[in-house]
Each structure stands twice: as C-alpha cells, then as structure tokens.
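Welcome! Take a moment with the sequence and the model, and then we can walk through them together.

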Amino acid sequence: MTTNCCSQANGEAPRAEVPAAANSETGRFGFLSAPMNRRSFLMCAMSVGASGSIPHFAESLPAMPLAETEQKQSDAQFAVEARFYDKLPNKKVKCKLCPRGCAVGDKERGYCGVRENRGGVYYTLVHSRVCAAHVDPVEKKPFFHYLPGSLAFSLATAGCNVNCKFCQNWDISQARPEQVSSQYVPPRRVAELALQYHCPTIAYTYSEPTVFSEFVMDAADAGHEAGIRSILVSNGYIQNESLRAVYSRMDAVKIDLKSFSESYYQKIVTGELKPVLDTLVALRKMGKWNEIVYLVVPTLNDSDAEFTGMASWIKANLGTDVPIHFTQFHPDYLLKNLPITPVSTLERARDIAVAEGLHYVYIGNVPGHPAENTYCPQCRRMLVQRTGFEIRQMLIRKGACPFCKQKIPGVWHA
Amino acid sequence: MRNECSPSRRSFLSNCLAGAASLVAGGHALPLDAAELASSPTKAKVVVAHDALLRDAGGAVDSRCILNLLDHAMQGLLGADEPVRLWTKIVVPGQLVSVKVNTLGGRGISSNVQLVEAICERLQGAGIKAQQIVIWDRDSTELERAGFRVRTGGNQVQCFGTDHVGYEDELVSHGSVGSRISKILTQRCDVLINVPVLKDHDGAGVTIALKNMYGVIHNPNKYHPNGCDPYIADVNMLPEIRTKLRLTICDATSACYEGGPSFKPEFTWQHNALLVAQDSVALDTIGWQMIERKRAEKGLKTLDAEGRAPRYIATAADAAHRLGTNDPRRITLTEVRLA
Ligand code: SF4
C-alpha cells in the first residue's frame, strides 16, 4: 500500500499490492488485487461470466492480462467527438475541458495525450477504452464517509492533464492510449459489471477522470439507470462548464489538493492551485459529498505554514466537516530522491488541521494508525474503526454518534 | 521541368560568414557523434544544398536528382570525396543504423520518400546491410500515410513505427523531462540519422531537427507548454539520443512557413533544398532564418513578433546543454547550388 499520485493517495494504484484479507471481518476485501507487472494491468472483471460471484471473480484475477489486446489509436470505436471545445481558424481547436485550455493544431493532441484534433474536429480517444479495472473497497479511493465497507467498481483510461513528479501510476496516467493495453468497455457494460460484482458505486480513478469526461458522464448515466452510483477521484483541475456537466452526475467526489502553494503546483504538479480551490468551492455549492486528500511530500509541501494556511482556507470556504486525509508519500516516478514521509510529519499535519478546527482529519497509507478511525467531534468517542481498508467497527447509527447523538456528516448507508 | 542529374553537373559552393575558408572536414579517423562535434571548439558547419530542377514534370522529387543533391550536400559537409566513401565517416559496417523521419504531415509535408531511399542507398554503399537499416517514426500508419511502405523482416531495409515494438519500460530523464524511449532507438540502433522537415510550428515556432526527437519519446504531449522550452533541449540531452545521433539531413524539398506542423498547402513552398549538419542546434538556427525569410517575403510577422520565437534553440546551446551552437559567428554556412 505505497502510493502517492493524484488519484492514488490512499493506496489507489492499480498495480499496487493490497494487503490480503484487508477486511476479513466482512470477508469481502481479501481477493481484491494482485501484484501486477507495470504493463500488465489486470482487467479482472471482464473475464468473468455473467453469473460470476465475488469468489469466482477473485479466482479469475491473475488470468486476465491485457497484453495481447493492445489497440491502436486509430480504433474508431474509442474515438468520440469531444464535448468541450471550440473550433478555431486553420483547423485548430481550443479544448475547454480543463484550465490548461490547449490550443491544438490539426493532427495534434492536447497535453493529456488522449484528445486529438482530426481535421478541425476534436476527439476523445478514450471513450470506453478501459486500461485498468478493479473491484476496490471504497476506502481505497479514499472515501471514509461514503458507504463505508462497500465495493467500488473502479476503472481508468490512459491520460492525465497534469504530470505530478511523484505519480505512482505514471505508466497509465502519462501514457497515450495506444501505449497501454485496453479493452472496449462501453458504459452499459460498466454498469452491468458493477451490478455483477455487487458494487453500489462506479469509481473513476487511477489516472485522471477529467480527461475521460465524456466516458465518465455516459457511464454515470448508464450506472444511474441501473441503480449504481458514481464516485470520482480527481485532481479537481477542470473548467467550470465541464465541472458542472461531469460533477452533477457524481454522487461523491474526492479531490487531491496536492499542496497549498502555487509554486508547488507549478514545479511538482505542472498545474495550478487556484482552479482546484475553485473546484472545491463549486462542489460545496453543488452539495456534493466531498473528501480531500493531501499527499505530504517531505520538504516540498510539509511546512507548518502550508498546513495552517490550507486548514484555515478549508474551514473558511468549505466548513469544518469536510474530511481531509494526510497521506504518506513513497518515492516513485521522477521523485525518487526523497524519503517516505515520516509518520511524525503526518501527525503534525493532523494536529495543525485539528487545531484549526477541522473535525475529520485522517492519516493515510499508515495502516493501523489511530488516525485512520473516525471520532465524534462532540464526545470524542471512536465511531468507525479502520485498519487500512478494513472496517473493524462501525458504530454510526442513522448518521449520528450513538453516544451523544451528534450528527456525523457523510453518506453512511445505501 | 525535367532535370538531368548527371554526376558532372556543376555545383556552386559559397561559404557564408567569416572564417569559413575550408570545406574539408576535420579528418577524424573514426566517426564522431553529433554531441562530440557540437561541443568541439571548431565552428559548426551547415550545408544548404539547392537544386531548382529537383522535380520531374509531374512535380515529384526525382530519385536520381535527390541522390545527386544529397551527395553534393554531404560533400559540402564532409569534404570533397567520392560520395559513398563520405558515408564511411558517418557509419562503419556492422552498425545498426536508424533513420528517424517525420511523418506527421502526411504526404503533403513529411520526410521525402525518395530522399530517404537515397540515404539508405548511400548507407548500403558504405557497407551497412539493408536489414540493418530501419526507417522509422512514431507510428506505422503515419509512415504509410506519408508514402513509406512498412517492411519488417527479410533482407531489406526495415520500415516501421515504434508502435510495432513499443517503448522501453524504464524512464530516462534529464532536467524537466522524464520519458520512455522507443525500442527502435535503444535496441535497433547504433547510429541515428535524423531526417526532419523544415516547418513552422504553431507552438514551438519551428520544428526542424531538435524537435523531431519528440518522436523518440512516449510522451511528447507533455512537453509542448512554454513553446517547448526547455523540453526540446532536455529531450535532446537524453543519453540514447545524444550519443547515437550522428547526422541530420533536413528535408526542405517542401517546407512550411506558417500553419505548421500539419500540412497546409497554402503555406507550403517547394524549396527544393536539403540542410545537412552534424550540429542540430546550428542547423535549426539556419532553418529558422530560412523560415523567417519566407515569412517576410509573404508579408507575415516574425515568429518573435507573434510571440512564438523558438527559444528552445538558444536553450539547447546554453551552458547547461551545450548541444551545439546558435551563434551565427560560430556557424559556417555553406550553400551549394546545382546548376
Ligand atoms: S483536457 Fe487535455 S486537451 Fe483539454 S485542456 Fe486539458 S490537457 Fe488540454
């Protein structure tokens, strides 16, 4: 469980090893993932027959490498006209999906590498082009206040609109779609698979769902028709119009707030802080359930001032009830020269956020740490006990503390 | 207009810029890689070879004429010598040679097939076996669209895209860049010959020799912000490129002065020229000047005035990169005009 990147801040990596039997109490989590080679993501669910039960699914895991199914960029089935762009003179286009706003010439692609201008028409090349799919505990996203103990049918396509130097899923996030093994999994099939594996949610995760927004929207619609909810794990780097179109279809959104400094966003993320803060505010106004992850990278975003600034901004703009997860960094990709985040640093971050008045402050990627648990902000009693992704005790009743009746924000039951 | 490309056709050579007295190359016993040459204290040499009668009656580049033009260009670069022998200064028998073309622009504005065939002919003349030569770019389909025939296996010159073999799993990085490298470069290549096209680029300003190396890495889309600066310079610093690149032959038979890099017939002109150099930075400097001259002739603003001067060329020349020189005083420009 050693992951960092934008979408992987709590072990949210398709190739990460998940502790076996992480939720032995419920018996649902032990089969979830297997170690993977860098280029052999397992398309677990796709290999199972229609009647497959979860144990059957578990058995099928190692048998479905995708290496032979690599598909070329010209595959028409994946190319769908993009929904957020303007046409410009000389067959150029201007993408309006994320704040980068790429101006893309004919035959070229935007920064994310998954959108291509073909003769003045802009296409997403990753609609239904799934390069990673797993059944994960929702805690792995991480969502701690959203259907705890449930499974999320989790999927990704290639591509990302930033380039975090610590990304643990760079194999897929920093790749073009034709460079990774993928399968055609159209929206209805996504919903069917989620149903088949008893997942109440579809999670768009691992890489950056913003860049496959059209697929997210269509899969969310198909899921909702089938009674399956949708949850998004994103860097929040998205323009307002597309945000409204995509996030309005989501039932919960986790945003990676990677730092509270523009220079960090510029140097380490290759993005911007301001649009991400705008996204968080927009989410609050939309009334969507939202949790925040902050990956703490030693020496780069771990100062008291930065923790304090962020916590006070959250309190002022989002309120004290939004859960925030301080997660542990592990060296990877282009940032291998830094150590793993000391637990004491994570504890310092948590202490500062709590002192600022935030109610639900967690520590992530440190299984067994007491700050994985949920405590009542009123009576301080423990309400949800977790170890890694496993729920050991769940005491919240009807959305409230059973001891003092304090309302605990979240979506606790389906 | 029919051209007669006999070996006896006269060529007129003129050296531009101060101190350009000699056409004879340094006389190295063994081929030097481009990085060694670029960092040497001697001046960089760029040859621009023109042939106004390069094309046949149908407007296509004539195979014999382009071979003749290539020979003259190489003589201008490496010294007056028998054409085939000149190439032994670039390659030695037994080496794997890869010819990196540029095929983004389709048939309209890609590396010319006849030119690449001429290069392959000379490589074979220098003792490289046909099957040890690979013509390549990112994608086989793009190669075909540009008029190349994809060929894999057999005793013939190979031609395929990186999609055929993939990229190395491991990242290599320099400065701002971290990328996976085409297996063609890492596994099928001892000597890299770069065959870019002379083109305008809407983001980078121009795309000539240095930028053509974006076709070597798996994630070029990540390196287009800020006019590709410093990314292009950093990509060219990657060891696999730096140590294997030995020669650039820029195709300016057709060139693009606006609206690039894709093919825009209205902004394309038949320049009927080749630019040859071992210093990619110097070649790009000269190529940029040529594009600016054409833009001025067409009444267009300079790239600088449009806010897209190719700053990456200066970065490639700076103390942190030293990939070559962009200082006109240190470039010997030799013009060869066939008549
Ligand atoms: S979604 Fe991709 S193409 Fe669109 S603006 Fe963002 S990075 Fe550029």
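**Where the chains meet**

Between chain A and chain B the count is one salt bridge, a term for a side-chain nitrogen of Lys or Arg within 4 Å of a carboxyl oxygen of Asp or Glu. Its partners are A:Lys92 and B:Asp202, whose closest N and O atoms are 3.6 Å apart. On the side of chain A that touches chain B, the residues divide into eight nonpolar, nine polar and nine charged; here Ala, Val, Leu, Ile, Met, Phe, Trp, Tyr, Cys and Pro count as nonpolar, Asp, Glu, Lys and Arg as charged, and the others, Gly among them, as polar.

Before going on, please note that this is a predicted model, in which local features need pLDDT of at least 70, side-chain atom pairs count only at pLDDT 80 or more, and totals for chains, interfaces and linings use all residues. Residues are numbered from 1 along each chain as its sequence is written, chains are lettered from A and ligands numbered from 1 in the order in which they are written, and side-chain values use heavy atoms, with hydrogens and water left out.

In total, 26 residues of chain A are in contact with 27 residues of chain B (heavy atoms within 4.5 Å). The two chains bury about 2200 Å² between them, 45% of it on carbon and sulfur atoms; this is the accessible area (1.4 Å probe) lost on being put together, summed over both. A:Glu108, A:Tyr111 and A:Arg176 supply 23% of the area that chain A buries against chain B, more than any other three residues.

A:Tyr111 also belongs to the surroundings of the ligand, which include A:Cys95, A:Cys98, A:Arg100 and A:Asn161 (a heavy atom within 4 Å). The residues of this shell divide into seven nonpolar, three polar and one charged.
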